[in-house]
Structures are given as structure tokens and as C-alpha cells.
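Dear colleague,

I am handing over the structure below for your files. Please look through it first; my notes on what was found follow directly after.

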Amino acid sequence: MKCQHCGINFDDSERECPICGARAGSRGRMSVPRYTDAQHKTHSKKTCTHQTFTRDVSFTGKKTSAQGEEGKKKRRKRLLITVVAVFAALQILPAVIVLIADAVSGVTAGFGTYEPAPEPDYGDYYDDTYDDSFGFYDLAGAHAAAELADGGVLEFWLEPGLFGAYEMSITNTDGIYTEVGESWCSYNSPEESEGLYPEEFPAEVYDCFVVALTAETAGWAAGGGEMPAWQQVREKNGDLWLLVYQDRTTNDVILVDWDETGIFAGEQMVMLHPLQEG
């Protein structure tokens, strides 16, 4: 084997040149082309043939080894630039995403966002004892009556349900006033109904309810004449609003004229008595 660095021959089994120490098989100055033509100094794009110490080389216009090395350098440079660019993009990408998200959030905030209404939190306001089917009927019964201060009689005929149908009549010296409509009833929790449990109706003894009577037809069935004064006040409010207090022990029911219309012949409250049907 010939050393391509110093030109000495050494055994093929040796891994290094014994003279210069070059690795066996490595290329050195001895592989520099030895040109056969004295006028041929460098490679050109034209086809040429030259001779080295180890082999004959035919050059056919392709890139020389020097050009190949230059191409490798350019490719390595482009690869390095690409790697650097990708690394830089990965560094700034999170910040860009945050900026875009903030911008989109700002735009949507300008138009407003839809949020469903929260479910009401009744807390202790609603007693589970009185479900959606509980109505005025469950307090007064199907037929109940009250004596008025002027000697008249107030009567109710009620149907079950939260919005149960009702018929109300007032019989006095003017005649018989009647109305038919729909009732609505709601329980008032002491914790959420400040002022609705006065001293005469303490929460330890009574349950309090609101009853609204919405008339569909109203008028004098007999006698009468002009609409009663209490009805004129009631029409301004749209409905007749009553407070109902029920004694938990005796089940006695007391009606209170909440809007102070004067429906109870000038009295603020009356005792409602259940009547037997038939």
C-alpha cells in the first residue's frame, strides 16, 4: 500500500503509515492530479482526461470535487439557516398564539357573548310541602264562605291546581256580585318574606300565602248597579291580591286585603270557613 501523504509503501495489514503516521487509505497530496498535457493547468467545463498516481480520471463537464464541496457547504448553510428559523419560530409561536387569542377575545367582547340565564336559587323561599300543584283550593277547599262587616257574605267555589279556576260572589243589600276567573297561589317563606309575618301572625304558628285572583268575567248577577268601589281600586292593579294565613294546628284560614281595596266591607281581614258540598 502506498501512503498518499509521503509516498512510501507499507504493508496492507498496517492501519497507519510507519513514516508519517497518516491513516491507511486516507487521501493526501499524492492523489493530486498529474496532468498529461503541459498546457492543462485547471479543470474546465470542457471534457478532459488526466492521470493521478493511483488512477486515470475522465472529466466530462460535471462539477469537480471542489465544486461538490462548495455545494455541500451551501447546502449545510441553507440547512443551518432553516434550523435556526424553525427554532426561532417555535420560540415565538406561543406568544403569537396568545396575541391572536387576545385579539379574537377583544373582538367577540365587542359584540357581546350569550350566556344562559342562571337557574334561580330559591334557597329556603320555597317549601317542598307546596309543589306546583298546590293552589288556593288546598287552603280553602272546594267551597268556602266568610261573613262581612256589613252583613254580606263572601263565597268561593274553587278548583284544584296552582292556577285553579274560581268563582267568587258577594251577596249584600245591593245585590249579588259574581266573577269567574283563574287563581294563583304561592307560599311565603319567613326567611324570604320580611314583613309578611307580623305579630298577629307569627311564623311559629302560621303559614303565609299570596293569592292572586284574575277575573275573566265580572258583574252583578242580581240588583247592584255601578261597579263597587273596591272593584275600581282592584282594576288599577290588574288582579285582586290577598294574603292568606293558615294556622298549622287548627287549619283556620284568614284572608287579608293586601291592596286595601275595601272588598271586605271596609275590614282588613276576614275568617274563611269551609262549607260542605250538597
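C20 counts as partly exposed, because its relative accessibility is 40% (buried means under 20% relative accessible area, exposed over 50%, and partly exposed in between, with a 1.4 Å probe and protein chains only). The structure holds zero disulfides, a disulfide being a pair of cysteine sulfur atoms within 2.5 Å. C185 is accordingly in no disulfide, and the nearest cysteine sulfur, that of C208, is 9.6 Å away. C185 is buried, with a relative accessible area of 4%.

Please note that this is a predicted model, in which local features need pLDDT of at least 70, side-chain atom pairs count only at pLDDT 80 or more, and totals for chains, interfaces and linings use all residues. Residues are numbered from 1 along each chain as its sequence is written, and side-chain values use heavy atoms, with hydrogens and water left out.

As to confidence, the mean pLDDT of the protein is 77, and 65% of its residues reach 70 or more (pLDDT is the predictor's confidence in each residue, from 0 to 100). Residues 59–67 have pLDDT below 50, and this stretch has eleven contacts in the model beyond near neighbours in sequence (a contact means heavy atoms within 4.5 Å). Over residues 122–128 pLDDT likewise stays under 50, with eleven contacts beyond four places in sequence. Where pLDDT is low, the predicted coordinates should not be read in detail.

Turning to charged pairs, the count comes to two salt bridges, each a side-chain nitrogen of Lys or Arg within 4 Å of a carboxyl oxygen of Asp or Glu. In one of them, E179 pairs with R234, the closest N and O atoms being 2.9 Å apart. E179 lies in strand β6 (residues 175–188) and R234 in helix α3 (residues 229–237), so this pair ties together parts that are 55 residues apart in sequence. Helices (H or I, at least four residues) and strands (E, at least two) are DSSP runs, numbered from the N terminus. Both E179 and R234 are buried.

D207 and R248 also form a salt bridge, at 3.1 Å from N to O. D207 lies in strand β7 (residues 206–223) and R248 in the loop between β8 (240–247) and β9 (253–257), so the pair ties together parts 41 residues apart in sequence. D207 is buried, at a relative accessible area of 8%, whereas R248 is partly exposed, at 40%.

Finally, W184 is in strand β6 and is partly exposed, with a relative accessible area of 29%. Beyond its neighbours within four places in sequence, the contacts of W184 include L162, V210 and W241.

Yours sincerely
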